[in-house]
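Work through the exercises below with the sequence and the coordinates side by side, and try each task before reading its solution.

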Amino acid sequence: MSFSSSIQILKHKEFRLFVLARFFLTLAIQMQMSTINLQIYYEYSKEEIILGMIGLTEALPFIATSFFSGHIADIISRRRILLIGCTALLLGSLFLFGFSNSLFTWVHSFGMYALFAVVFVFGIIRSFLAVSTHPFMSQIIPRELYTQSATWNSTAWHIGSILGPVIAGLLYGYNHSFHANWCYGITCVLFVCALVCFGLIKSKPMPAKTKEETFMESMTVGVKFVFKNKLVLSALSLDLFAVLFGGAVALVPAFTDKILHLGPEAYGLLRTAPAVGAVLMAFYMTVNPPAKNAGISLLLGVAAFGLFTIFFAFSTNYWLAFSMLLFTGAFDNISVVVRHSILQLSTPDEMRGRVAAVNSIFIGSSNEIGAFESGVAARLMGLVPSIAFGGVMTILVVLGVHKLNPKLKELDITKLE
């Protein structure tokens with residue numbers, strides 16, 4: 001596939017708006033969460049377990065509401081859900097701006113617990129955004145462009161992931177008199193930009209129901225679909241355990257401080273290294289998409305992710321650590337694109353929200369639970385051994401999934417179309 005043919009999808013105006021909205025939303029979220037991590041770590045507690053607790057605080061409400069949010073995403077306009085979600089995030093960012101400026105004296109007395117409360121609410125909001133984003137994207141573009149859309153969507157997400165922590169780290173670390181004020185002020189503007197882009201996309205009709213379902217039946221449809229589809233289950237399981245055990249990114253503030261002996265200004269660039277690698281891989285995949293060799297690419301990509309996580313654990317030079325994290329992001333993005341392509345092509349339109357909910361629990365919440373696992377492992381095993389342990393476990397998961405489903409390596413996405 002030539003580069004010119006791979007960008008044909010960008011001729012779709014609404015998809016361009018979607019990609020921009022995705023970028024602004026991701027950039028704002030990454031800036032916001034990076035700033036919260038830096039505030040809690042540097043201003044309240046330099047403990048790895050605290051970094052893990054931030055992830056768990058977001059994951060628990062995310063999981064608790066995902067099945068309900070998936071049900072809602074299949075009966076209510078997904079565009080409306082995205083608009084409401086962005087508005088709620090904007091209000092949260094305004095609160096954080098006021099908190100960092102000590103405008104809410106009574107709230108400020110709660111210290112880091114006020115920040116944890118915001119993270120908890122954010123977990124609920126994110127569960128609704130997660131189940132609506134990809135299903136809404138599938139309503140915008142024709143089916144034959146699903147694989148390309150997954151690549152461009154991933155690119156927008158990762159570019160936002162690159163810039164968010166860098167900007168947060170620089171603003172927070174360059175001059176502590178700024179603290180988080182500028183970071184939260186910028187995120188407010190970015191959430192408004194995302195709102196405008198989503199608002200310019202026309203609302204799409206909801207897919208017709210093929211059969212009547214009770215509320216409880218509707219809530220479990222996504223789970224039944226995933227566990228009956230061996231291909232989807234294998235792809236989700238690979239990503240789940242890779243993210244769960246390979247959560248080195250959550251420990252980057254501690255790694256930067258205790259291993260590399262650098263300050264928060266160095267955190268931003270190191271934190272974005274996986275996203276830099278993911279974007280580079282995304283550009284490669286726009287020309288050479290993992291389609292006919294999707295299965296073997298998925299297995300080797302996740303295994304390589306685990307291997308470079310181990311290399312990162314033993315890196316004592318800043319740029320070596322950056323390079324190892326860059327490779328983890330590059331190889332992880334292969335599994336992201338393959339998984340999203342499988343889900344888009346295999347899922348019936350009327351249950352996309354509920355299947356996305358299961359995908360979110362498998363993948364979205366595993367980032368935060370993985371952060372908690374990494375924090376606990378660092379407390380029990382030490383920082384470096386815990387990261388290396390995660391990489392080893394990721395490789396073992398690849399071997400296990402391959403043994404349980406040996407046909408996965410023969411996956412050809414073009415045959416799903």
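**Exercise 1.** Sort the lining of the second largest cavity by residue class, and state which helices supply it.

*Solution.* By class, the lining holds four nonpolar, six polar and one charged residues, where Ala, Val, Leu, Ile, Met, Phe, Trp, Tyr, Cys and Pro count as nonpolar, Asp, Glu, Lys and Arg as charged, and the others, Gly among them, as polar. A cavity is here a set of points, on a 1 Å grid over the protein atoms alone, where a 1.4 Å probe fits but cannot get out, and lining residues have an atom within 4 Å of a point. Next, assign the helices: H6, H14 and helix H15 (352–381) each supply at least two lining residues, and H15 gives the largest share, four residues. Helices are DSSP runs (H or I, at least four residues), numbered from the N terminus. Finally, the volume of this cavity is about 140 Å³, and the count of cavities of 30 Å³ or more comes to four; a volume is the space filled by probe spheres set on the grid points, which are joined across faces, edges and corners.

The model is predicted, so local features need pLDDT of at least 70 and side-chain atom pairs count only at pLDDT 80 or more, while totals for chains, interfaces and linings use all residues. Residues are numbered from 1 along each chain as its sequence is written, and side-chain values use heavy atoms, with hydrogens and water left out.

**Exercise 2.** Classify the ring pair Phe18 and Phe136, then the pair Phe308 and Phe331.

*Solution.* A search of the whole structure finds eleven aromatic pairs, taking rings of Phe, Tyr and Trp (its six-membered ring) as paired if their centres lie within 6.5 Å, with planes under 30 degrees apart stacked, over 60 edge-to-face and the rest tilted. For Phe18 and Phe136 the centres are 6.5 Å apart and the planes at 50 degrees, so this pair is tilted. It links helix H2 (residues 13–44), which holds Phe18, with helix H6 (residues 112–140), which holds Phe136, across 118 residues. Both Phe18 and Phe136 are buried, that is, under 20% relative accessible area, with exposed over 50% and partly exposed in between (1.4 Å probe, protein chains only).

For Phe308 and Phe331 the centres are 5.8 Å apart and the planes at 10 degrees, so the pair is stacked. Phe308 is buried at 15% relative accessible area, whereas Phe331, at 23%, counts as partly exposed.

Terms used. On a 1 Å grid over the protein atoms alone, a cavity is a set of points where a 1.4 Å probe fits but cannot get out, and a pocket is an open set with protein on both sides within 12 Å along at least five of seven lines; lining residues have an atom within 4 Å of a point.
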